[in-house]
Amino acid sequence: MNRTLDEKIAVIDRVYLNDSDIYNLERFASSFSLRVKTYNLLRDRADEITIRALQLLAQQYPELVQKQLQRCKYDMSNMIRYASLAILRDDELFFREALMDWLANIINSYQIAKECSTAYRLLQTVIDERLPAECAALVKPYSDMAVSSLLNT
């Protein structure tokens, strides 16, 4: 479930966990309940969050949302789904590898990276409004990663 733990288990016949590994495992365990809470809230409110973010995006880019509504909704929903799983796993690399590299390439091909980066900023704004602060804070690195990836394509 957690990348670091998976990697260590794969080589368990050769090494023990070192102090840093144990610390990371303790950190993973101690924050698990908050990560589960965040995952559940994102799962349960994904549609509501996405719709509100799209409403805000439509105020700035009405033509884009009108033309690409289903695509935008799909991409934003995927971002929430992958971010929630990455939060549960405590694994930013999973998020980057599983979603961001692909998404940045797709968005770049449509030549709407600026608009989409705005969409992910608005998505975080809605998350900040709809989730408890400690849960929204867990999502922020992922929305920041999305914005950064899109602006740097």
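User: Is Cys72 buried or exposed?

Analyst: In this predicted model, Cys72 is buried, because its relative accessible area is 8%, and the cut-off for calling a residue buried is under 20%.

User: What is the nearest cysteine sulfur to Cys72, and how far away is it?

Analyst: The count of disulfides in the structure comes to zero. Cys72 is in no disulfide, and the nearest cysteine sulfur, which belongs to Cys116, is 5.7 Å away.

User: Stepping back, what secondary structure does the protein chain have?

Analyst: The protein chain has seven helices and zero strands, which gives the order α-α-α-α-α-α-α when read from the N terminus. Its C-alpha trace spans about 60 × 30 × 20 Å along the principal axes, and 41% of its 153 residues count as buried.

User: Ok, and the nonpolar core, how many residues are in the largest one?

Analyst: The largest nonpolar core has 42 residues, and those with the most contacts inside it are Met79, Phe95, Tyr120 and Leu123. Two or more residues each come from helix 3 (32-60), helix 4 (62-89), helix 5 (92-110), helix 6 (113-130) and helix 7 (133-151), with helix 4 giving the largest share, nine residues. As background, nonpolar side chains tend to be buried together in soluble globular proteins.

User: Which residues does Phe95 touch?

Analyst: Once residues up to four places away in sequence are set aside, Phe95 touches Met79, Tyr82, Ala83, Ala86, Met100, Tyr142 and Met145.

User: Let's look at helix 4 then. Where does it bend?

Analyst: Helix 4 bends by about 85° at Gln68. The helix is followed by Asp90, whose phi is positive, near 60°.

User: Take Met76 as an example, is it buried or exposed?

Analyst: Met76, which has its place in helix 4, counts as buried because its relative accessibility is 2%. Leaving out residues up to four places away in sequence, Met76 touches Thr50, Ala53, Leu54, Ala119, Tyr120 and Leu123. In space, the C-alpha atoms of Met76 and Arg121 are 11 Å apart, while in sequence the two residues are 45 residues apart.

User: And Ile80, what is it in contact with?

Analyst: Ile80 also has its place in helix 4, and with neighbours within four places in sequence left aside, Ile80 is in contact with Leu42, Ala46, Ile49, Thr50 and Leu123. The C-alpha atoms of Ile80 and Ala46 are separated by 6.7 Å, although the residues lie 34 residues apart along the chain. Ile80 is buried, because its relative accessible area is 3%.

User: Switching to helix 7, where is its kink?

Analyst: A kink of about 35° lies at Val139, shortly before the proline Pro141. Helix 7 has 19 residues and reaches 26 Å from its first C-alpha to its last, which is close to the 27 Å expected at 1.5 Å a residue.

User: Which residues of helix 7 are buried?

Analyst: The buried residues of helix 7 are Cys135, Ala136, Val139, Tyr142, Ser143, Met145, Ala146, Val147, Ser149 and Leu150. For Cys135 the relative accessibility is 0%, so it counts as buried.

User: Why does Ser149 count as buried?

Analyst: Ser149 counts as buried because its relative accessibility is 15%, and the limit is under 20%. This serine lies in helix 7, and apart from its neighbours within four places in sequence, Ser149 is in contact with Arg96, Met100 and Ala104.

User: Last topic, how many aromatic pairs does the structure hold?

Analyst: The structure holds three aromatic pairs. One of them is formed by Phe28 and Phe32, a tilted pair at 5.9 Å centre to centre with 45° between the planes.

User: For those two, which is buried and which is partly exposed?

Analyst: Phe28 is buried, because its relative accessible area is 13%, whereas Phe32 counts as partly exposed because its relative accessibility is 33%.

Definitions and conventions
Residues are numbered from 1 along each chain as its sequence is written. This is a predicted model: local features need pLDDT of at least 70, side-chain atom pairs count only at pLDDT 80 or more; totals for chains, interfaces and linings use all residues. Side-chain values use heavy atoms; hydrogens and water are left out. A nonpolar core is a set of buried Ala, Val, Leu, Ile, Met, Phe, Trp, Tyr and Cys residues joined through side-chain atoms within 4.5 Å. Buried means under 20% relative accessible area, exposed over 50%, partly exposed in between (1.4 Å probe, protein chains only). Helices (H or I, at least four residues) and strands (E, at least two) are DSSP runs, numbered from the N terminus. Contact means heavy atoms within 4.5 Å. The expected span of a helix is 1.5 Å times one less than its number of residues. The bend at a residue is the angle between axes fitted to the seven residues ending there and the seven starting there. A disulfide is a pair of cysteine sulfur atoms within 2.5 Å. Rings of Phe, Tyr and Trp (its six-membered ring) pair if their centres lie within 6.5 Å; planes under 30 degrees apart count as stacked, over 60 as edge-to-face and the rest as tilted.
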